[in-house]
Amino acid sequence: QVQLVESGGGLVQAGGSLRLSCAASRNIFVINRMGWYRQAPGKQRELVAHIISGGNTEYADSVKGRFTISRDNAKNTVYLQMNSLKPEDTAVYYCNLYGRVWGRPERDYWGQGTQVTVSS
């Protein structure tokens with residue numbers, strides 16, 4: 001079973017910064033894509049940013065220029081540096097990995113979620 005361990009959420013004032021981390025368990029065989037989604041109360045889960053195996057990144061328009069995603073391949077860890085945070089960034093942030101373990105097909109894996117709250 002793949003485990004994704006998230007850390008770094010919390011409460012911050014508008015304009016502040018937070019850094020999220022997500023470490024995948026070592027039994028993952030292939031990682032095609034790794035990134036972050038978020039879900040605010042009453043809203044659907046949405047993509048924040050992800051990084052694919054070749055290093056290309058994709059960001060939601062609402063976070064471009066403020067958030068940066070990066071990855072440490074040796075540690076199977078992805079980071080999300082969030083700067084200039086706004087109250088509308090408040091949500092539960094979920095780590096996502098699309099890949100496979102040995103002998104199994106590719107699929108999505110999800111972390112348990114970490115709360116990010118931005119006060120005005």
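These legends describe close-up views of a predicted model.

**View 1. Strand β5 and its burial.** Strand β5 covers residues 46–52 and contains His50. Five of its seven residues are buried, so β5 is largely enclosed by the rest of the structure. β5 pairs with β4. β5 also pairs with β6.

**View 2. His50 and its contacts.** His50 lies in β5. Its relative accessible area is 11%; this is under 20%, so His50 is buried. Which residues does His50 touch, leaving aside those up to four places away in sequence? They are Arg33, Met34, Gly35, Asn56, Thr57, Glu58 and Ile69.

**View 3. The hairpin of β4 and β5.** The two strands run antiparallel and pair over six bridges. Met34 stands opposite Ile51 of β5. Six residues lie between the strands of this hairpin. Gly42 takes a positive phi here, near 75°.

View 4. Strand β6 spans residues 57–59. It pairs with β5 in the antiparallel sense, over three bridges. Four residues separate the two strands of the hairpin. Gly55, in the turn, has a positive phi of about 105°.

**View 5. The aromatic pair of Phe29 and Trp102.** A search of the whole structure finds two aromatic pairs. In one of them, the ring centres of Phe29 and Trp102 are 4.8 Å apart and the planes stand at 90°, so the pair is edge-to-face. The pair links distant parts of the chain, 73 residues apart. Phe29 is in strand β4 (residues 28–39). Trp102 is in the loop between β9 (91–101) and β10 (107–110). Phe29 is partly exposed, at 41% relative accessibility. Trp102 is exposed, at 65%.

**View 6. The aromatic pair of Tyr37 and Trp110.** This pair is also edge-to-face. The centres lie 5.1 Å apart, with 70° between the planes. Tyr37 belongs to β4 and Trp110 to β10, so the pair ties together parts that are 73 residues apart in sequence. Is Tyr37 buried or exposed? At 19% relative accessibility, Tyr37 counts as buried. Trp110, at 37%, counts as partly exposed.

**View 7. Arginines over tyrosine rings.** Two places show a charged side-chain end over a ring. The charged end of Arg19 sits over the ring of Tyr79, 4.1 Å from the ring centre. The charged end of Arg45 sits over the ring of Tyr94, at 3.7 Å from the centre.

**View 8. The disulfide of Cys22 and Cys95.** How many disulfides does a search of the whole structure find? It finds one. This disulfide joins Cys22 to Cys95, with an S to S distance of 2.0 Å. The torsion about the S-S bond is about -85°, so the disulfide is left-handed. The pair links distant parts of the chain, 73 residues apart. Cys22 is in strand β3 (residues 18–24), and Cys95 is in strand β9. Cys22 is buried, at 0% relative accessibility. Cys95 is buried too, at 0%.

Definitions and conventions:
Residues are numbered from 1 along each chain as its sequence is written. This is a predicted model: local features need pLDDT of at least 70, side-chain atom pairs count only at pLDDT 80 or more; totals for chains, interfaces and linings use all residues. Side-chain values use heavy atoms; hydrogens and water are left out. Buried means under 20% relative accessible area, exposed over 50%, partly exposed in between (1.4 Å probe, protein chains only). Contact means heavy atoms within 4.5 Å. Rings of Phe, Tyr and Trp (its six-membered ring) pair if their centres lie within 6.5 Å; planes under 30 degrees apart count as stacked, over 60 as edge-to-face and the rest as tilted. A charge sits over a ring if NZ of Lys or CZ of Arg is within 6 Å of the ring centre and within 35 degrees of the ring normal. Two strands pair if DSSP finds at least two bridges between them. A disulfide is a pair of cysteine sulfur atoms within 2.5 Å.
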